[in-house]
Amino acid sequence: MNRSKNLRLWLVLAVALLLAAGFGWMRFSTPPAPPGNLAGASLGGPFTLTNQDGQTVRDTDFAGRWRLIYFGYGFCPDVCPTDLVLVGRGLQAYEAQDAGRAANVAPIFITIDPERDTPAVLKPFVAAFHPRLVGLTGTPEQIAAVARRFGVYAKRMDTGDPENYLMDHSAMVYLFDPEGKPVAFLPHQGLTAAAVAELLATHVR
């Protein structure tokens, strides 16, 4: 009789422990991120470019890290610097919110104007927006190939001054996951630092 009671007691304790462990896991585990507005898109791909320090950088150098990517150009009079200020502030807000996960986010600026955006030009430009912002340039052929893979529109607009031309281009912030797959984007219209921080908080795991 005592043996039967002891067995039932052990069974009750085992069930209680399993339930407690289950509730604890549910409470502290991170829920999966919702799909982003680029889920399933075929954007992105391999590239070999040059960073602001003159070093060769490949897409594989960012493997295992989230990538926050913006295409623009250093001589842009308004849109690009405005957007990059918001990207930098949004990333800083996310760093203050979750430093561990934010450290795994690589902010990247890729020029669409390689003729003027040399490494020497990009170095002070990207440093003005975030200390970890990577600036990438390359040959016109390399940049054109990257723009195509990422679905970026870019066209030179002559102004009559060959040294002060403008670039007409699409403007958006991309988020790619650690495997290099597109997750979500934020358009230039209505872009805010809070929206960038929320984008990261929503998807980065």
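Modeller: Let us start with a term: a contact means heavy atoms within 4.5 Å. This is a predicted model, where local features need pLDDT of at least 70, side-chain atom pairs count only at pLDDT 80 or more, and totals for chains, interfaces and linings use all residues. Residues are numbered from 1 along each chain as its sequence is written, and side-chain values use heavy atoms, with hydrogens and water left out.

Biologist: How many helices and strands does the protein chain have?

Modeller: Helices (H or I, at least four residues) and strands (E, at least two) are DSSP runs, numbered from the N terminus. Counted this way, the chain has six helices and nine strands.

Biologist: What distance separates the end C-alpha atoms of helix α2?

Modeller: The expected span of a helix is 1.5 Å times one less than its number of residues. Helix α2 covers residues 79-97, which is 19 residues, so it should span 27 Å. The model agrees, with the end C-alpha atoms apart by 27 Å.

Biologist: Is Leu-43 buried or partly exposed?

Modeller: Buried means under 20% relative accessible area, exposed over 50%, and partly exposed in between (1.4 Å probe, protein chains only). Leu-43 is in the loop between α1 (2-28) and β1 (48-51). Its relative accessible area is 23%, so Leu-43 is partly exposed.

Biologist: In which sense do β4 and β5 pair?

Modeller: Two strands pair if DSSP finds at least two bridges between them. β1 and β5 are joined by two bridges and run antiparallel, with Thr-50 opposite Thr-137. Strand β4 (residues 105-111) has three bridges to β5, and Ile-110 is partnered with Leu-136. The sense of the β4 and β5 pairing is parallel.

Biologist: Which strands do the buried residues of α5 pack against?

Modeller: Helix α5 (residues 140-149) has Ile-143, Ala-145, Val-146 and Ala-147 as its buried residues. After the helix comes Gly-151, with a positive phi near 65°. Those buried residues of α5 pack against β1, β3 (66-72), β4 and β5.

Biologist: What kind of aromatic pair do Phe-125 and Phe-129 make?

Modeller: Rings of Phe, Tyr and Trp (its six-membered ring) pair if their centres lie within 6.5 Å; planes under 30 degrees apart count as stacked, over 60 as edge-to-face and the rest as tilted. By this rule there are six aromatic pairs. Phe-125 and Phe-129 have ring centres 5.1 Å apart and planes at 75°, so the pair is edge-to-face.

Biologist: How far is Arg-116 from the ring centre of Tyr-165?

Modeller: A charge sits over a ring if NZ of Lys or CZ of Arg is within 6 Å of the ring centre and within 35 degrees of the ring normal. The charged end of Arg-116 sits over the ring of Phe-75, 4.6 Å from its centre. Arg-116 also lies over the face of Tyr-165, where the distance to the ring centre is 3.6 Å.
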